[in-house]
Amino acid sequence: MSNVSNKNVIALLLFSVGSFALSYATAIVFARTLGANGYDDYAVAVSAAAILSTLAEMSTGKYALRIIPAYTESQCWPLASGYLRFSIYLIFLVSLLVALFTVLPEFFVDGKFGNYALGLLILFLPVMAWVGAGSEFVMANQAPIRSAFVTRLLVPGTTLVIGVTWVSLPVELTPPRAVLCYGIGWLVGLIAVAWFLSQTMRLEIRVARPEYRPREWLVDVLPFLFFALLVTVLAKVGVIILEIVYPQEEMVAVYAVAAETGGFIYVVAKSTDKMFLPDVSLLIERRDVAGIFAGNRRRWTWIGSICVLFLLAVFFFGKDILLLFGEEFVSGYPALCIIAVATSVWTMASIAPSYLKYVKKQKFVLIVTTLTVVAHIGLCIPLGYWFGATGAALSYAIPVIAMYLTMGVIATYEARKMENSE
């Protein structure tokens, strides 16, 4: 893949490590300050907001990784300009609807607002969605480093600085105030992504009179939305289910920390996938199967090495890492190991679902992902109740490993079929 240089790959991997370090440091500061019970409220709010912001984003950014390179290749500048504006308006409208349908019912829980931390974070919902989509537009404009800088370094870095500053003040840090630190980080990210988007967008797109195809784009974007929503639910819903079914609230915080630690490697997948996908789109347009396989081998070389190092670190130093949060979090070590293995498999095959969607296998991807989410939820309820964090981790790992191995095999088969049809 000619546009994906080794320099960019190394930079994005370093950004991913930096993002994890910043996010992890923030989690440690908040967990040690709030305690297990307070961190429970913060973790649930952030997990719920991640699912809601994915819905609000409507996967317009993910579809941009497919459609903007195609429009650029065919010089359809008015359509590229129209799609950008369409995405901005759609995100704002959906964010308002999601916020209303989420916040209003909370006011009627026992006659008062049920979760102040979540309610406050909902106010930042359009900001989070715009940053997510905008960074992917920047990535589609072949500027992966600037895109990753915003989401991987600027947002978590700002959150950490504000959080540490707040802890040093003689003002108690509560879950809503921790959420406020998190939201301000996204606000700073929005300013940066708007600037980078204006700098990376081609002049032809900026000056073109927008042409809109809203019905076509909505139909095309829905499979990307459903998949992104299902994947986010898959990654985050364990915390919410455990909050409901497990009688000890501290266990929710234990699982949340284990999931965040074990999910580090997926940050690497998200960063590198967004860099490779615009080229995958172009190679599919050109039916260059050899180029697709060559790019995938390059990706596996980088990602496989990182996965091995990550798993070794988890197995040998996992308890010490969890101890940074406090002694009560060390019990999450088995859950951490299980989640780390599952997420490593996810990371190795993470580009397969996007490839299948690009070659019009959206229905297969959605069916398999839906079954995986249903299996996770169905297993998490009894296993979470019986075995706490370890049970929730098993309910996540078994379906995830099965799903990504299946998609990896089918994606390879589809690519070979395209090659043989030439």
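**Notes on the predicted model**

1. Residues are numbered from 1 along each chain as its sequence is written, and side-chain values use heavy atoms, with hydrogens and water left out.

2. For context, most residues other than glycine have a negative phi. Ser-59 is buried at 1% relative accessibility, and Met-58 is buried at 9%, where buried means under 20% relative accessible area with a 1.4 Å probe and protein chains only.

3. What does Ala-228 touch beyond its neighbours within four places in sequence? Its contacts (heavy atoms within 4.5 Å) are Thr-54, Ser-59 and Lys-62. Ala-228 belongs to helix α9, residues 214-245, and is buried at 6% relative accessibility. From Ala-228 to Ser-59 the C-alpha separation is 6.9 Å, while in sequence they are 169 residues apart.

4. Thr-60 is part of helix α2, residues 60-73. Its relative accessibility is 0%, so Thr-60 counts as buried. Setting aside residues up to four places away in sequence, Thr-60 touches Tyr-83, Ser-87, Leu-90, Ile-91, Ala-133, Phe-137 and Val-221.

5. Now to the largest nonpolar core, which has 142 residues. Such a core is a set of buried Ala, Val, Leu, Ile, Met, Phe, Trp, Tyr and Cys residues joined through side-chain atoms within 4.5 Å. Tyr-39, Tyr-42, Tyr-83, Tyr-255 and Tyr-355 touch the most other members. Helix α1 (residues 6-57) gives the most to this core, with 20 residues.

6. I would also look at α14: 8 of its 8 residues are buried, so α14 is largely enclosed by the rest of the structure. Tyr-355 is among these buried residues. Leaving aside neighbours within four places in sequence, Tyr-355 is in contact with Val-280, Ile-284, Ile-292, Ala-411, Glu-414, Ala-415 and Met-418. After α14 comes Lys-360, with a positive phi near 70°.

7. The largest pocket holds about 340 Å³ of space and is lined by 22 residues, with Asn-296, Trp-300, Ile-351, Ala-352 and Ala-411 nearest its centre. A pocket here is an open set of points on a 1 Å grid over the protein atoms alone, where a 1.4 Å probe fits, with protein on both sides within 12 Å along at least five of seven lines; lining residues have an atom within 4 Å of a point. The lining comprises 17 nonpolar, 4 polar and 1 charged residues, and α15 gives the most to it, with 7 residues.

8. One friendly caution on confidence: pLDDT, the predictor's confidence in each residue, runs from 0 to 100. Its mean over the chain is 83, and 90% of the residues reach 70 or more. Helix α7 (residues 175-200) has the highest confidence, at 93, and α11 the lowest, at a mean of 70. α11 (264-286) supplies at least two residues of the lining of the largest pocket. Where pLDDT is low, the predicted coordinates should not be read in detail.

Key
This is a predicted model: local features need pLDDT of at least 70, side-chain atom pairs count only at pLDDT 80 or more; totals for chains, interfaces and linings use all residues. Buried means under 20% relative accessible area, exposed over 50%, partly exposed in between (1.4 Å probe, protein chains only). Helices (H or I, at least four residues) and strands (E, at least two) are DSSP runs, numbered from the N terminus. Grid points are joined across faces, edges and corners, and a volume is the space filled by probe spheres set on the points. Ala, Val, Leu, Ile, Met, Phe, Trp, Tyr, Cys and Pro count as nonpolar, Asp, Glu, Lys and Arg as charged, and the others, Gly among them, as polar.
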